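These are my notebook entries on what I looked up, one item after another. I wrote down each term when I first needed it.

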Amino acid sequence: MSDWTNIVDDLIDHVNLLKELGGRNVELDLAVLSALGSTAAAPLPPGPPAGEAAALSPEERRKALSEIAARADLCEACPLRPTRAKSVPGQGKPDSPDVMFIGETPEEGDDQQGLAFAGAAGAFLTKMIQAMGYTRDDVFVANICKCRPPGNRAPLPEELRTCLPFLREQIRIVRPKVIVLLGPAAITGLLDAQAGASRRLGQWTKYDGIPVMPTFHPSYILRFEAFGDVKGLKAAKTQLWDALKLVLAQLGRAVPGAPAKQ
Ligand code: SF4
């Protein structure tokens, strides 16, 4: 990575941090900064044939995922265990869904129900999934951390690292055709932790041979709504939808509602 892209990455991450801390007068345009620091996105070729997981039947995959969920439920490997209500392993289509969405940590509603993306962010994620022409049952959703941090705080890097093996196992079993990473913690957690998350937004990369599209977390979009930032909301939604359209193109699916090509 060049010094220039490093500088742009740091600047973008700093602007994001200011916004997350409630700064409302940040005049820099994140879309412009992202364009400065990155090259144009292009669909990747499909990943290689799945390995041993491809030989598993849907029932065997369900069983393997249940075993992972049971281990996560008993896990006491990090300080998040005592304060969570329920473990949230993730759920959805177990056998090579088109898309696996991966976030950071469970929300409050997720923690109560033991289901990933069951709260407000989950409702927005459902809208994203439906806009792509799928239902929640067609995809798999999960987080890197299987337990909710207390007081809605961000997970510590060590907590993310400790929990990551559960997600890696899930990916190996589910073997999705495309992974969509939601938010900076998911991006840096699953991918190279040294690379700036913002530079990766909307840019194809790969994890274990699977095409990966990093984009915004639904909570990030909802924050613009909460602040009444109409301009920021529109820009973020446009950037998010552009990423999801790249995913549909990668999967060879038409954008729902778009006129058919002649
Ligand atoms: S967050 Fe992950 S590593 Fe920490 S206790 Fe829960 S399951 Fe274990």
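I began with what counts as an element: helices (H or I, at least four residues) and strands (E, at least two) are DSSP runs, numbered from the N terminus. This is a predicted model, in which local features need pLDDT of at least 70 and side-chain atom pairs count only at pLDDT 80 or more, while totals for chains, interfaces and linings use all residues. Residues are numbered from 1 along each chain as its sequence is written.

Entry on H10. I looked just past the end of helix H10 and found that Gly252 takes a positive phi of about 75°. H10 itself covers residues 230-250, and I noted among its buried residues Gly232, Ala236, Leu240 and Gln250 (buried means that 20 or more other C-beta atoms, placed from the backbone, lie within 10 Å of the residue's own). The buried residues of H10 pack against strands S2 (99-103), S4 (178-182) and S6 (210-215) and against helix H9 (218-227), where contact means C-beta atoms, placed from the backbone, within 7 Å.

Entry on H3 and H6. How do the axes of H3 and H6 cross? I read that the axes of H3 (residues 58-74) and H6 come within 10 Å and cross at roughly 175°, with axes being lines fitted to C-alpha atoms over the stretch in contact and angles running from 0 to 180 degrees between N-to-C directions. The two helices are therefore roughly antiparallel to each other, a label used for angles over 145 degrees. In this pairing, Arg61, Ala64, Leu65, Ile68 and Ala72 of H3 meet Phe166, Glu169, Gln170, Ile173 and Val174 of H6.

Note on methods:
The expected span of a helix is 1.5 Å times one less than its number of residues. A residue is buried if 20 or more other C-beta atoms lie within 10 Å of its own, exposed if 12 or fewer, and partly exposed in between; C-beta atoms are placed from the backbone. Two residues are in contact if their C-beta atoms, placed from the backbone, lie within 7 Å. Angles under 35 degrees count as roughly parallel, over 145 as roughly antiparallel, 65 to 115 as roughly perpendicular and the rest as oblique.
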